[in-house]
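Trainee: I would like to learn how to read pockets, helix packing and backbone geometry in a model. Can we go through them one at a time?

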Amino acid sequence: RCYSFFSEEDVFLQEGLEALERARLCRSVVERSENINEALSALKKASRVIPISNLHSIFDQIDHLGCPDISILLGLHYIEIMDPENLAFRRHINPNIQLNSDEHEICHQRESTNSRLIESFALTGFDTEKTKLFVAENPSIDILALRARCLALVASSRDELFHYRVYEWLLRNQYSQTLLEFPQSGFLFKYLKSTFLARDDLHRDLLWKWLARSCKYSEASAVLASIAQCRDYPLSLSKRIEYLSLAITHCKSSALQSAREHIFCAGIDGISPIELSDLEELLEVAHTQFEVLKEAKSLLGNRNEVVSAELDGLVGLLTVSDLFNRYARPYGLTESCLRLIHISGLINERLVSQLWQEIISKYVIEGSDRSSFHQLGSKVTELARKFYPSPNAFPLAHLIDVLGRLALSSDIDADWLVAVLINSGIPLTALADEFHRFFSSPPSKSWLATS
């Protein structure tokens, strides 16, 4: 220990190694703990002169003594000394950064140290086989308490790159739930946000789940809405509807939490805020898209797989205009056209008359038999239950006129139409008023022009 021959740091290294050896030989738990803490103190002071290969050997010795948390403490201090300019993190942010050979070596050593520290971290129950051996060597260890200490050490670390390497390791090894339960850390939020915006399927659900666990329901809702609408994710339409439903639930939870009357989802960097009313409108249109998809599959079968794939979420959520002009009308999806007119509030008597005429003509023409009228009646009942009392999609006066005249011309009982409309759930008072108006004044001229 002569300082004439050895530097002060070399002396601290020797003292640290000797303290580890004493700890190995100790039978007393208290003395072992004292020696390990003494070794940590000395080795921290010697960090600058410890070769990377020797450092890993020291980690092995500390781990065998049942103290992977001490390995993590020493390793994080070593990294601070080895890479004071944070070169490795700068290269992580910008892989194309120009580094000289010495700087490359620093980055390599730091990544090597990170990997080795994660091995110590994994001993606390993440690597099943190694944890069994570790517990067998240290039967008095409270593995859950040790795991909690190691998690707290990682969470409190100022080493952003080490945080990211731990997060990535947890996800690769299917420990996403552990990541969500991680102690609060600004680095974790930053990591989840950056990976979410990269549209990585592995990380897709982590950000909103973490926000929800942190009671940030408004922000979670905005993230869910963003996922539902994102075209970069190859999500099915049913999955997009699920995300929208979750977004609405979380938005309402936020309103209950803050007792706000005006409900909206607060955005975060890169994700826009959105109103609850807009979310509900998106969900309604998405459900309509699902109905358009069902009718397209029913009518087109496998003849147009591209259309089915697009409607099933391949190109994201579609607008009412796109659904009507690109799919429903061109492919003759008449019921879908009525549904789209219904939710859009569009008033176009001539178009709706044409659509109903197309539906009616699929079942009956003048002179059709009773069974055809029975099928038509079932379809009218089905559509009435969907659209009544919408005058845009279920024009009651016009249908009384058209269906009544068609039934009379085909010699069908006069009460057929009344029975169909009553069975449709239309209130008797509404029917009585409509029939009275029908017989006391002629229908709209625009209806008559196309009937």
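Trainee: Which helix gives the largest share of the lining of the second largest pocket?

Mentor: Start with the general idea: rolling a probe the size of a water molecule over the atoms shows where empty space is left. On a 1 Å grid over the protein atoms alone, with a 1.4 Å probe, a pocket is an open set of points with protein on both sides within 12 Å along at least five of seven lines, and lining residues have an atom within 4 Å of a point. Helices are DSSP runs of H or I, at least four residues, numbered from the N terminus. Here α4 gives the largest share of that lining, five residues. This is a predicted model: local features need pLDDT of at least 70, side-chain atom pairs count only at pLDDT 80 or more, and totals for chains, interfaces and linings use all residues. Residues are numbered from 1 along each chain as its sequence is written, and side-chain values use heavy atoms, without hydrogens and water.

Trainee: What volume does the second largest pocket have, and which residues lie closest to its centre?

Mentor: Its volume is about 310 Å³, the space filled by probe spheres set on grid points joined across faces, edges and corners. It is lined by 16 residues, with Leu76, Glu80, Ser157, Arg158 and Asp159 closest to the centre. Both α4 and α8 (143–156) supply at least two lining residues.

Trainee: And which helix gives the most to the lining of the largest pocket?

Mentor: α2 does, with five residues. The largest pocket has a volume of about 400 Å³. Among its 19 lining residues, Val29, Arg32, Leu65, Cys67 and Ile141 lie nearest the centre.

Trainee: At what angle do α4 and α8 pack?

Mentor: Axes are lines fitted to C-alpha atoms over the stretch in contact, and angles run from 0 to 180 degrees between N-to-C directions. α4 and α8 pack at about 15°, with axes 9 Å apart. That makes the two helices roughly parallel, a term for angles under 35 degrees. Pro68, Asp69, Ile72 and Leu73 in α4 meet Leu146, Arg149, Cys150 and Leu153 in α8; contact means heavy atoms within 4.5 Å.

Trainee: Which peptide bond is cis, and where is Cys215 found?

Mentor: Most residues other than glycine have a negative phi, and most peptide bonds are trans. The bond from Tyr388 to Pro389 is cis, with omega near 15°. Pro389 sits in the loop between α20 (370–387) and α21 (396–409). Cys215 has a positive phi, near 65°, and lies in the loop between α12 (206–213) and α13 (217–229).

Conventions:
Parallel < 35°, antiparallel > 145°, perpendicular 65-115°, else oblique.
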